[in-house]
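These are notes for a colleague who is new to reading structures. Please keep the sequence and the 3D view open while going through the points.

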Amino acid sequence: MITIKDLHKSYKTGNNSLHVLKGINFNVAEGELVSIMGSSGSGKSTLLNILGMLDEADTGSYTLDGVAIKNLNEKIAARYRNKFLGFIFQSFNLINYKSALDNVALPLYYQGMKRSERMDRAEAYLEKVGLAQWMDHLPNQLSGGQKQRVAIARALASDPKVLLADEPTGALDTKTSYEVMDLIQQINDEGRTILIVTHEPDIAQMTKRIVNLKDGLIIDDTKVNQVRALQNV
Amino acid sequence: MFDLERWQEIFETISKNKLRTFLTGLSVASGIFILVILLGIGEGMKNGIEREFQGDAANAIFVYPGVTTKEYKGLNPGRRIQLKNDDFEYTSAENKSELEFKSAVFRIFGGMVTFENESGSYRVEGVYPDYQFLENSSMVSGRFLNNRDVEESTKIVVLGNRVKMDLFKDSNDVLGKYVEISGIKFKVVGVYTDPGGEREESRVFVPITTAQKVFSGGNDINSLSYTLKAKETYEEALAASNNFTSKLETYLKGKHTIAPSDNSAIYINNMLENTKRFYDLIGMIKMFFWGVGICTIIAGVVGVSNIMLIIVKERTREIGVRKALGAQPLSIIGMVLHESIFVTSFAGLTGLIMGLVLLDFVGPMIQTDFIYNPTVNFNVALSTVVILIVAGAVAGFFPAYRAARIKPIIALRDE
């Protein structure tokens with residue numbers, strides 16, 4: 001599903017150049033649930049941003065579902081993001097003046113789907129994350145866990161190839177975190193490829209594979225025995 | 001523009017941010033409101049001045065004698081010039097083909113006009129029949145004086161409407177009555193009204209020959225009035241009129257032995273030239289009002305731009321989210337632009353309608369000579385609407401462009 005070869009990325013800050021990614025080689029097969037770990041400054045967020053086409057690598061190749069991701073202009077990047085990727089953020093990033101239903105329907109709006117159709121679909125995904133009765137609520141009327149579920153429903157709505165989650169449990173308490181992880185595991189069970197950036201070992205143990213980053217290089221890439229989140233709730 | 005989905009997005013955004021939208025709209029609405037009021041007042045001033053000028057024929061030329069100020073051919077300065085009948089007869093005959101109307105005037109100031117117990121002091125003017133048209137007068141009842149009256153020096157009089165009101169009150173039984181002018185009986189044959197208003201209606205007209213005989217004027221006349229035949233264009237009319245006045249001036253100065261450079265011995269008042277001056281003035285006033293109005297709108301547009309920039313800043317994170325979800329740059333530009341055009345157009349139209357309503361209701365109540373019937377015509381209203389839409393687009397474009405250029409990764413980091 002994802003193939004990355006010899007990826008380099010550096011940032012210029014004034015006269016200094018900061019080499020963040022120093023040659024990453026990395027493959028993800030379809031249906032995998034991968035966590036990317038590392039201390040801050042290890043380059044894990046940068047890697048996720050490049051995977052999410054929010055940022056572009058300096059050198060190296062990136063192939064997503066057989067499509068070479070290179071020379072992106074804003075327009076094409078937007079189209080690829082909409083078609084291939086679903087984002088889950090630490091701070092949810094819901095649009096606060098839109099109801100839960102409208103938030104979930106937003107990626108479908110950008111796909112050019114008709115209103116009635118996308119509302120139906122958005123409702124189905126809210127149902128799936130267990131929030132159908134909350135669909136008319138605004139984000140600030142929901143709890144953190146509920147917000148993240150809405151965000152997951154939104155990420156799923158466009159039926160993406162890959163879900164990218166940046167610290168999805170970073171703003172949640174342990175119990176809620178495990179509930180959210182349970183949902184993510186269920187979605188993965190259905191065969192969806194998911195990448196999670198996290199610095200919490202217990203969350204990482206709930207995935208099927210842990211990739212450890214340090215100073216811009218992968219130092220460890222091991223399969224783990226998945227811990228089901230539901231057991232810990 | 002006609003994308004229903006986009007409209008729903010806009011209305012959602014607007015309805016969730018009422019105060020912000022209201023404040024944005026207010027600056028535009030007040031700008032357009034002020035523009036409309038200014039243009040209305042400009043138009044009102046034009047109408048007012050035009051009405052003041054309808055008092056006399058627009059192309060009339062009046063000649064008044066004065067006092068010489070320069071020594072010429074052995075004659076001392078300070079000599080009073082007295083026009084005579086032959087001045088009128090010669091100039092009329094000489095320019096017969098060019099002239100439309102012509103009249104000499106023999107004037108008595110403070111003539112006492114009496115009817116039964118009522119009397120008053122009015123200007124008594126001995127004139128020719130053409131004078132009616134030179135003064136733009138029209139008859140309320142009866143007739144103006146005619147050529148036979150002048151030839152036979154009949155003792156008839158035409159009263160101004162004001163004079164009739166003073167002497168006869170509400171009675172309409174005026175024609176055929178006799179009034180006394182300085183003790184001599186004149187038969188009333190008509191009553192006239194003059195667009196110049198009360199001042200111009202406080203006069204009585206008698207045949208010039210009668211006036212000269214009865215009030216011992218001899219051959220003296222006080223002034224000359226002419227109008228020239230109509231020309232195709234204003235420029236031709238002005239040229240002909242200037243040509244005629246200079247001929248007239250040369251002749252009269254020659255005949256009365258006046259230095260050619262002496263400007264105070266003969267006054268020639270060319271209405272056409274004055275009219276042009278006033279139209280130029282009106283043009284200037286209108287341009288000034290437009291200028292002020294446009295500046296007001298520019299201020300409004302800058303205000304809207306500013307607010308839109310703040311809105312974009314405020315929505316940076318939202319824009320980042322939208323981009324991450326697959327919004328294309330064009331769609332972001334469209335969203336911001338659409339909102340600002342909608343807000344400016346709506347607010348502007350509100351201001352426009354409020355301005356028009358105010359002019360419509362308050363306009364007729366204005367009681368001053370200088371502003372009359374202040375209105376804004378349809379074309380002007382239309383051009384303000386166009387200005388609005390362009391303004392909305394300009395006000396929205398820069399913030400929108402800025403919004404579209406925000407990188408999603410940076411926007412998402414924005415806290």
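1. The sheet of chain A. In this predicted model, chain A holds an open sheet of 6 strands, in the order S6-S7-S8-S3-S9-S10, with mixed pairing. S6 (85-88) and S10 (217-223) of chain A stand at the edges; each has a single partner strand, so one side of each is left without a neighbour in the sheet. From one strand to the next the twist averages 20°.

2. Chain A as a whole. Chain A has 8 helices and 10 strands. It counts 233 residues, and 48% of them are buried. Among the contacts in chain A with a separation of 6 or more, 68% are between residues 24 or more positions apart.

3. The contact between the chains. Chain A puts 20 residues into the contact and chain B puts in 15. On the side of chain B that touches chain A, helix H1 (4-16), helix H11 (316-324) and helix H14 (408-413) of chain B each supply at least two residues. H11(B) gives the most, with 4 residues. By class, this side of chain B has 8 nonpolar, 5 charged and 2 polar residues.

4. Helix H11 of chain B. Why can H11(B) be called largely enclosed by the rest of the structure? The reason is a count: 7 of its 9 residues are buried, so the rest of the structure largely encloses H11(B). The buried residues are B:Glu318, B:Ile319, B:Gly320, B:Val321, B:Arg322, B:Lys323 and B:Ala324. Their cover comes from both chains: it includes helix H2 (74-84) and S6 of chain A, and helix H12 (329-362), helix H13 (378-405) and H14 of chain B. The edge strand of point 1, S6(A), is thus part of what covers H11(B). After H11(B) comes B:Gly326, with a positive phi near 110°.

5. An unreviewed UniProt entry carries the annotation "transmembrane region" for residues 21-41, 287-312, 332-358 and 378-398 of chain B. What does the model show in two of these spans? Residues 21-41 of chain B are 100% helix and 0% strand, with the end C-alpha atoms 30 Å apart. Residues 287-312 of chain B are also 100% helix and 0% strand, and their end C-alpha atoms lie 36 Å apart. The annotation comes from the record, whereas the helix content is computed from the model.

6. A covered strand in chain B. Are the residues of strand S6 of chain B (156-160) buried or exposed? This strand is mostly covered, with 5 of its 5 residues buried. In a regular strand, side chains alternate between the two faces of the sheet. B:Ile156, B:Val158 and B:Gly160 point one way from S6(B), B:Val157 and B:Leu159 point the other way, and all are buried.

7. The partners of that strand. S6(B) pairs with strand S8 of chain B (184-193) in the parallel sense over 5 bridges. With strand S9 of chain B (203-207), S6(B) pairs in the antiparallel sense over 2 bridges. B:Leu159 can be followed to both partners: its bridge partner in S8(B) is B:Val191, and in S9(B) it stands opposite B:Val204.

Methods
Residues numbered from 1 in each chain as written. Chains lettered and ligands numbered in written order. Predicted model: local features only at pLDDT ≥ 70, side-chain atom pairs only at ≥ 80, totals over all residues. Pairing = 2+ DSSP bridges. Axes fitted to C-alpha atoms, helices over the stretch in contact; angles between N-to-C directions. UniProt positions renumbered as here; feature names shortened; annotations may be inferred. Contact = placed C-beta atoms within 7 Å. Nonpolar A, V, L, I, M, F, W, Y, C, P; charged D, E, K, R; others polar. Buried ≥ 20, exposed ≤ 12 C-beta atoms within 10 Å, placed from the backbone.
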